[in-house]
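Please keep the structure in view while reading, and follow each residue as it is named.

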Amino acid sequence: MDAIEFVVRYEDYLSEIEQMVKPELMPVIEQLKETDPHDLVRPDTYFLSESHARGYVWTMFMIEVRKQRI
């Protein structure tokens, strides 16, 4: 999966996370939705699979949760 496909699918990955987490974590999801996915990857970024790209978004989510100590 290349960077363009990641950018296109970014909102879908966040929606998946949104469906699985507690309501008190929604502010983190909203914060990530405001992030431009173009700022998250370089044009030459390549993910090994869709699961790899999804894991990248989950990792960003978990980092933000830990930062905010929710």
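Apart from its neighbours within four places in sequence, Glu64 is in contact with Val28, Gln31 and Leu32, where contact means heavy atoms within 4.5 Å. Glu64 belongs to helix H3 (residues 50–68), and helices here are DSSP runs (H or I, at least four residues), numbered from the N terminus. With a relative accessible area of 14%, Glu64 is buried; the term buried stands for under 20% relative accessible area, exposed for over 50%, and partly exposed for what lies in between (1.4 Å probe, protein chains only).

The model is a predicted one, in which local features need pLDDT of at least 70 and side-chain atom pairs count only at pLDDT 80 or more, while totals for chains, interfaces and linings use all residues. Residues are numbered from 1 along each chain as its sequence is written, and side-chain values use heavy atoms, with hydrogens and water left out.

**Helix contacts**

Axes are lines fitted to C-alpha atoms, for helices over the stretch in contact, and angles run from 0 to 180 degrees between N-to-C directions.

| Helix pair | Angle | Axis distance |
|---|---|---|
| H1 and H3 | roughly 60 degrees | within 10 Å |
| H2 and H3 | about 125 degrees | 10 Å |
| H1 and H2 | roughly 180 degrees | within 10 Å |

Angles under 35 degrees count as roughly parallel, over 145 as roughly antiparallel, 65 to 115 as roughly perpendicular and the rest as oblique. H1 is therefore roughly antiparallel to H2, and the residues making this contact are Tyr10, Glu11, Leu14, Ile17 and Glu18 of H1 with Met26, Ile29, Glu30, Leu32 and Lys33 of H2.

H2 and H3, in turn, are oblique to each other. Their contact is made by Val28, Ile29, Gln31 and Leu32 of H2 together with Met60, Phe61, Glu64, Val65 and Gln68 of H3. Sorted by class, the residues of the contact of H2 with H3 are 6 nonpolar, 2 polar and 1 charged, where Ala, Val, Leu, Ile, Met, Phe, Trp, Tyr, Cys and Pro count as nonpolar, Asp, Glu, Lys and Arg as charged, and the others, Gly among them, as polar.

H1 and H3 are likewise oblique to each other. Among the residues that make the contact are Phe6, Tyr10 and Tyr13 of H1 and Tyr56, Trp58 and Phe61 of H3, and the contact of H1 with H3 divides into 12 nonpolar, no polar and 4 charged residues.

**Aromatic pairs**

The structure holds 6 aromatic pairs. Rings of Phe, Tyr and Trp (its six-membered ring) pair if their centres lie within 6.5 Å, and planes under 30 degrees apart count as stacked, over 60 as edge-to-face and the rest as tilted. Phe6 and Tyr56 form an edge-to-face pair, because their ring centres are 5.8 Å apart and their planes stand at 65 degrees. This pair links distant parts of the chain, with Phe6 in helix H1 (residues 3–20) and Tyr56 in helix H3, 50 residues apart. Phe6 counts as buried at 0% relative accessibility, whereas Tyr56 is partly exposed, with a relative accessible area of 30%.

The rings of Trp58 and Phe61 are also edge-to-face, with centres 5.7 Å apart and planes at 90 degrees. Trp58 and Phe61 are 3 residues apart in helix H3, so about one helical turn separates them. Trp58 is partly exposed, with a relative accessible area of 25%, while Phe61 counts as buried at 1% relative accessibility. Finally, ring pairs link Phe6, Tyr10, Tyr13, Phe47 and Tyr56 into a cluster.

Note on methods
Helix = DSSP H or I, 4+ residues; strand = E, 2+ residues; numbered from the N terminus.
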